[in-house]
Amino acid sequence: MNKKQALPWENPRFRNWIAVGRACQVMGLTLARALQPLDIKPPHLDILVNLFRTPGISQQDLADKLLVGRSNLSMLLPQLEKRGLIARRGDARDRRILRLELTPAGVSLTEEAIVIQSALIDRTMKTSSAAECDLVGDVMLRIIAELTEPGETEPMASGTPAKAPANQD
């Protein structure tokens, strides 16, 4: 950085990006505290909600959806399985694939967690008008699009991009 360049924190884009990051961190910490009575953490909730929405998803597809590597999942899934919240079952057509499903206890806990998370989101977003909420969402989608390489659906935390589905015309 040369002495003629403005410092980044003087740039409104930088300052606002830091505010977005801080809001995300505070939201994560607040959600973690709110989930403590259920004895789950936000990464567990991400898994449970995705299994709730997509029963029978493969471990690889779940990792891709969560933007994490399979190694991250391989540490979390046994915890949920040991608690009787999820079950792993072999795929009927491909023995190499494990399908993930919520157990009845997992469905019940996930429904409780969704209520907690939804209330927190409502509390957080009520500070903005509907138009401002839509604007925030639109801006975040544009950021995702800007950071996504051509042919990817989203950038991947593991470094392995998720490929866009082939056109099925």
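The following exercises, each with a worked solution, treat the fold of a single predicted chain.

The model is predicted: local features need pLDDT of at least 70, side-chain atom pairs count only at pLDDT 80 or more, and totals for chains, interfaces and linings use all residues. Residues are numbered from 1 along each chain as its sequence is written, and side-chain values use heavy atoms, with hydrogens and water left out.

**Exercise 1. The overall fold**

State how many helices and strands the chain has, and in what pattern they follow along the sequence.

Solution.
- Step 1. Helices (H or I, at least four residues) and strands (E, at least two) are taken as DSSP runs and numbered from the N terminus.
- Step 2. On this basis there are 6 helices and 5 strands in the chain.
- Step 3. Their pattern along the sequence is α-α-β-α-α-β-β-α-α-β-β.
- Step 4. Among the 169 residues, 25% count as buried, where buried means under 20% relative accessible area, exposed over 50% and partly exposed in between (1.4 Å probe, protein chains only).
- Step 5. Of the contacts in the chain with a separation of 6 or more, 48% come from residues 24 or more positions apart; contact means heavy atoms within 4.5 Å.

**Exercise 2. Helix α2 against helix α3**

Describe how α2 and α3 pack, and identify the residues that make the contact.

Solution.
- Step 1. Two packed helices are described by the angle between their axes and the distance between the axes.
- Step 2. Axes are lines fitted to C-alpha atoms, for helices over the stretch in contact, and angles run from 0 to 180 degrees between N-to-C directions.
- Step 3. Helix α2 (residues 42–53) packs on helix α3 (residues 59–66) at an angle of about 120°, and their axes are 11 Å apart.
- Step 4. The angle makes α2 oblique to α3; angles under 35 degrees count as roughly parallel, over 145 as roughly antiparallel, 65 to 115 as roughly perpendicular and the rest as oblique.
- Step 5. The crossing of these two helices is right-handed; a crossing is left-handed if the near helix is turned anticlockwise from the far one by less than a right angle, and right-handed if clockwise.
- Step 6. From α2, Asp46, Ile47, Asn50 and Leu51 make the contact, and from α3, Leu62, Lys65 and Leu66.
- Step 7. By class, these residues are 4 nonpolar, 1 polar and 2 charged. Ala, Val, Leu, Ile, Met, Phe, Trp, Tyr, Cys and Pro count as nonpolar, Asp, Glu, Lys and Arg as charged, and the others, Gly among them, as polar.

**Exercise 3. Helix α2 against helix α5**

Carry out the corresponding analysis for α2 and α5.

Solution.
- Step 1. The angle between α2 and helix α5 (residues 104–125) is about 110°, and the axes lie 10 Å apart.
- Step 2. The two helices are therefore roughly perpendicular to each other.
- Step 3. The crossing of α2 past α5 is left-handed.
- Step 4. α2 contributes Leu45, Leu48, Val49 and Phe52 to the contact, while α5 contributes Val107, Leu109, Thr110, Glu111, Ala113, Ile114 and Gln117.
- Step 5. This contact comprises 8 nonpolar, 2 polar and 1 charged residues.

**Exercise 4. The strand pairings of β3**

Determine how β1 and β2 pair with β3, and examine Arg88 and Arg89 of β2.

Solution.
- Step 1. Two strands pair if DSSP finds at least two bridges between them.
- Step 2. Strand β1 (residues 57–58) is antiparallel to strand β3 (residues 98–102), with 2 bridges; Ser58 has Arg99 as its bridge partner in β3.
- Step 3. Strand β2 (residues 86–90) also runs antiparallel to β3, joined by 5 bridges.
- Step 4. Arg88 stands opposite Leu100; these residues are 12 apart in sequence, yet their C-alpha atoms are 4.7 Å apart.
- Step 5. Arg88 is partly exposed at 26% relative accessible area. Beyond its neighbours within four places in sequence, Arg88 contacts Gln59, Leu77, Pro78, Glu81, Leu98, Arg99 and Leu100.
- Step 6. Arg89 is likewise partly exposed, at 44%. Outside four places in sequence, Arg89 contacts Ile97, Leu98, Arg99 and Glu101, and its C-alpha atom is 8.0 Å from that of Glu101.

**Exercise 5. Positive phi in two loops**

Locate Asp39 and Leu67, and report the phi and exposure of each.

Solution.
- Step 1. Most residues other than glycine have a negative phi.
- Step 2. Asp39, in the loop between α1 (12–35) and α2, has a positive phi near 60° and counts as exposed at 56% relative accessibility.
- Step 3. Leu67, in the loop between α3 and α4 (70–82), has a positive phi of about 60° and is partly exposed, with a relative accessible area of 29%.
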